[in-house]
Amino acid sequence: MSLAVLRSRALAGMAAPPVTVEVHLANGLPSFTIVGLPEAEVKEAKDRVRAALQNARFEFPARRITVNLAPADLPKESGRFDLPIALGILAASEQMPGDQLDDYEFAGELSLSGQLRAVRGALAMTYAMHRAGHDEGRKRAFILPAANADEAALVTDAAILPAASLLDVCAHFAARDADGRLQRHRVSTANAIAAYPDFSDIKGQLQARRAMEVAAAGNHSILLVGPPGAGKSMLATRFPGILPPMTDEQALESAAVRSLSGGFDAARWKQRPYRAPHHTASAVALVGGGGTPRPGEISLAHHGVLFLDELPEYQRAVLEVLREPLESGHITISRAARQADFPARFQLVAAMNPCPCGFHGHTSGKCRCTPDLVRRYQDRISGPLLDRIDMQMPVASLAPSELADQAAGETTAAIAARVAAAFEHQQQRQNKANSQLAGAEIDRFCSPDAAGAQLLQTAITRLNWSARSYHRVLKVARTIADLAGQAQVDRSHVAEAIQYRRAFQGQ
């Protein structure tokens, strides 16, 4: 047989389209050609595969070798095609049996010694293979590097066969009994324990702690405004611990995105991601991109927390790219040659000082910033972006005497229990978080009583709020009512929600 056909997968954003690896051996001068829109790292597979075959004591055919990666118009990147190319050469040259190759999909980068190295996106590829198997009515097993086995096996119904080397894979196809074959890998996630810092470490700050609880219960974005040392970063780092538990589907989506960047750890299964990029991050780092589009921080924080500390220090153009993802929950990266979609249902937690020196409004009287300087500093956050942040909470600093006298705060477990109960009310009522309500859903589920409506109308008139601000206050009020276990949004809920949008001077 001079032709071998194997199956693999490429990566295109979150999708993992199938790729057919065709290897043909022909007579003529020895050559090795790879076609099918391969990028540089795929073209370099020629040297890796040749060395791996020779060091594994196989014969490298001195013939005209043509490898076609179909479909031809789909760009192919990374070393994931090394393994199927090597196996295709061995099958086409009859150095290994090739009659069972169609029952498997393959991915793996080869070292020069023939060992298999991990590849990016193993979970995304496995998930795509599993869904395709349901659609086609035929399930294939996935042979991939052992280092990727744990993340790929999170797709519980997929048959994952990890291998350490090219020789292990060849032995699998040459074996006559089950003992010589690769064994299906299963991963246990029962012992994965979230290790979040505890809210009990925070002394005082009852209003800020309450605001974080409301934000967690309704999946609301929040901006913390206060002087240095007030506890803004402490509140943010403890925030993931009080979020509602992740569902299996959410955990799988979040893990698949992180798998694309090679940063997923199976030990953190069902733990909310927490991303805190430095304020020097670029727009591409934040939303994703590149010649071969990869997810940015907002996608790596999918179903988790994106913490932006020192918010005004980010370049304004960088912050403006957050506008659409905050509303839509996804990001589309468009380039001249390709387009990629990534999920971005993140929860924004941001922090900033009220002025350049940080002490505007502080009881110590340290601030010497003029009102104009304070306003210009706060205006680094554009109105349209600020309008999209549900809650804007001032965080006052505690005097040293007050700090010493404060007892330990309420634990993360106690707060998380209330948040989970409130979130369960939302799921039963509307099957989504309050922050995701839109249009008629807001009128149906968030309408306040007469006194609450009157109070909100007065606030809109005096504070000159937009329609978006009006709707966001209603959704926050709905969450406050859920925490109180009340079906009707009343005046007290609206009053509290209004206070969560008055962190800035003049509001």
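1. Contact here means heavy atoms within 4.5 Å. By that criterion, Ala 451, Gly 452, Leu 455, Leu 456 and Ala 459 in α19 meet Arg 491, Val 494, Ala 495 and Ile 498 in α21. By class, this contact has 7 nonpolar, 1 polar and 1 charged residues (Ala, Val, Leu, Ile, Met, Phe, Trp, Tyr, Cys and Pro count as nonpolar, Asp, Glu, Lys and Arg as charged, and the others, Gly among them, as polar).

2. The model is predicted: local features need pLDDT of at least 70, side-chain atom pairs count only at pLDDT 80 or more, and totals for chains, interfaces and linings use all residues. Residues are numbered from 1 along each chain as its sequence is written, and side-chain values use heavy atoms, with hydrogens and water left out.

3. Helix α19 spans residues 450–463 and helix α21 residues 491–499; their axes come within 7 Å and cross at roughly 25° (helices are DSSP runs of H or I, at least four residues, numbered from the N terminus; axes are lines fitted to C-alpha atoms over the stretch in contact, with angles from 0 to 180 degrees between N-to-C directions). The two are therefore roughly parallel (angles under 35 degrees).

4. Helix α17 (residues 412–430) and helix α20 (residues 467–483) have axes that come within 8 Å and cross at roughly 115°. This pair is therefore roughly perpendicular (65 to 115 degrees).

5. In α17, Arg 418, Val 419, Ala 422, His 425, Gln 426 and Arg 429 meet Arg 478, Thr 479, Asp 482 and Leu 483 of α20. The class count for this contact is 3 nonpolar, 3 polar and 4 charged residues.

Technical notes: Parallel < 35°, antiparallel > 145°, perpendicular 65-115°, else oblique.
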